[in-house]
Amino acid sequence: MKVDRHNLKILEVLQANARISNLNLADQIGLSESACLARVKKLTSEKFIREFQAEVNLEKVRHAEFYVNVALKRQDSKTSESFRRAINKIEQIVSCVKMSGEFDYMLRFVCPDAADFNRVSEQLLADEDAAITRMTSHLVIEKTKPFTGYPLELLFQD
């Protein structure tokens, strides 16, 4: 599927406001409602749009957020799969990315408080299936530039 200027604009608008009505989206894009809806459906079926979800404002609830670098004992596929199974059991781990460099993974924890983070991270370290050799944690003090969307104009340049 080719992402033309209309599709790019649809992605930009939906990224900023996924609750926009199809009528308002069509008006902003400069397409008919039916053409706009067809494009949104096509972008979704082609997986350019993964999902529509609400982002909860963590500032409204008690929380502590940590980014944690993790190094595994080995870098083989069996160890990686075992690690993935271990972290998927922990609801406080809200995201994980595999990294290059000194650490193998970066985890994002969202916990009610630092004590909960400490308890959960100690359990993770003690879990032999996780195969963790080293962890370093970083408490988020302030979200200086929160995520507001991807730079789509740059990413879709030829």
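1. Where does His6 lie? His6 is in helix 1, which covers residues 5-16. Helices here are DSSP runs of H or I with at least four residues, strands are DSSP runs of E with at least two, and both are numbered from the N terminus. With a relative accessibility of 14%, His6 counts as buried. Buried means under 20% relative accessible area, exposed means over 50%, and partly exposed is in between, using a 1.4 Å probe and protein chains only. Setting aside neighbours within four places in sequence, His6 has contacts with Ile29, Leu31 and Arg39. A contact means heavy atoms within 4.5 Å.

2. A note on the source. This is a predicted model, in which local features need pLDDT of at least 70 and side-chain atom pairs count only at pLDDT 80 or more, while totals for chains, interfaces and linings use all residues. Residues are numbered from 1 along each chain as its sequence is written, and side-chain values use heavy atoms, with hydrogens and water left out.

3. Overall layout. The protein has six helices and four strands. Along the sequence they come in the pattern α-α-α-β-α-β-β-α-β-α. The radius of gyration is 20 Å, well over the 15 Å given by the globule rule for 158 residues, so the protein is more spread out than a compact globule. That radius is taken over C-alpha atoms, and the rule is 2.2 Å times the number of residues to the power 0.38. The C-alpha trace spans about 60 × 40 × 25 Å along its principal axes.

4. Of the 158 residues, 33% count as buried. Among contacts with a separation of 6 or more, 64% are between residues 24 or more positions apart. The protein exposes about 11000 Å², and carbon and sulfur atoms supply 50% of that area. Accessible areas come from the Shrake-Rupley method with a 1.4 Å probe, and for residues only the protein chains shown count as cover.

5. Charges. The protein has 23 positive and 23 negative charges, and their mean positions are 4 Å apart. Lys and Arg count as positive and Asp and Glu as negative, while His and the chain ends are not counted. Each charge is placed at NZ of Lys, CZ of Arg, CG of Asp or CD of Glu.

6. The largest nonpolar core. Which residues touch the most other members of this core? Among its 20 residues, they are Val68, Val70, Phe83, Leu107, Phe109, Leu124 and Ile132. Two or more residues each come from strand 1 (64-72), helix 4 (77-88), strand 3 (105-111), helix 5 (114-126) and strand 4 (132-139). Strand 1 gives the largest share, five residues. A nonpolar core is a set of buried Ala, Val, Leu, Ile, Met, Phe, Trp, Tyr and Cys residues joined through side-chain atoms within 4.5 Å.

7. Val68 and the second core. Apart from neighbours within four places in sequence, Val68 is in contact with Tyr105, Met106, Leu107, Phe109, Phe117, Met135, Thr136 and Ser137. There is also a second, separate core of 16 residues, with Val13, Leu31, Val40 and Leu43 among them.

8. Ala86 is in helix 4 and counts as buried at 4% relative accessibility. Not counting residues up to four places away in sequence, Ala86 touches Leu124, Asp127 and Ala130. Ala86 and Asp127 are 41 residues apart in sequence, and their C-alpha atoms are 7.7 Å apart. Ser82 is also in helix 4 and is buried, with a relative accessible area of 12%. With neighbours within four places left aside, Ser82 is in contact with Asp129 and Ala130. Lys78 lies in helix 4 too, but Lys78 is exposed, with a relative accessible area of 69%. The C-alpha atoms of Lys78 and Leu155 are 34 Å apart, and 77 residues separate the pair along the chain.

9. Two loop residues with positive phi. Lys47 is not a glycine, yet its phi is positive, at about 70°. Lys47 sits in the loop between helix 3 (33-45) and strand 1. Is Ala131 buried or exposed? Ala131 is buried, with a relative accessible area of 5%, whereas Lys47 is exposed at 66%. Ala131 is in the loop between helix 5 and strand 4, and its phi is near 55°, a positive value in a residue other than glycine.
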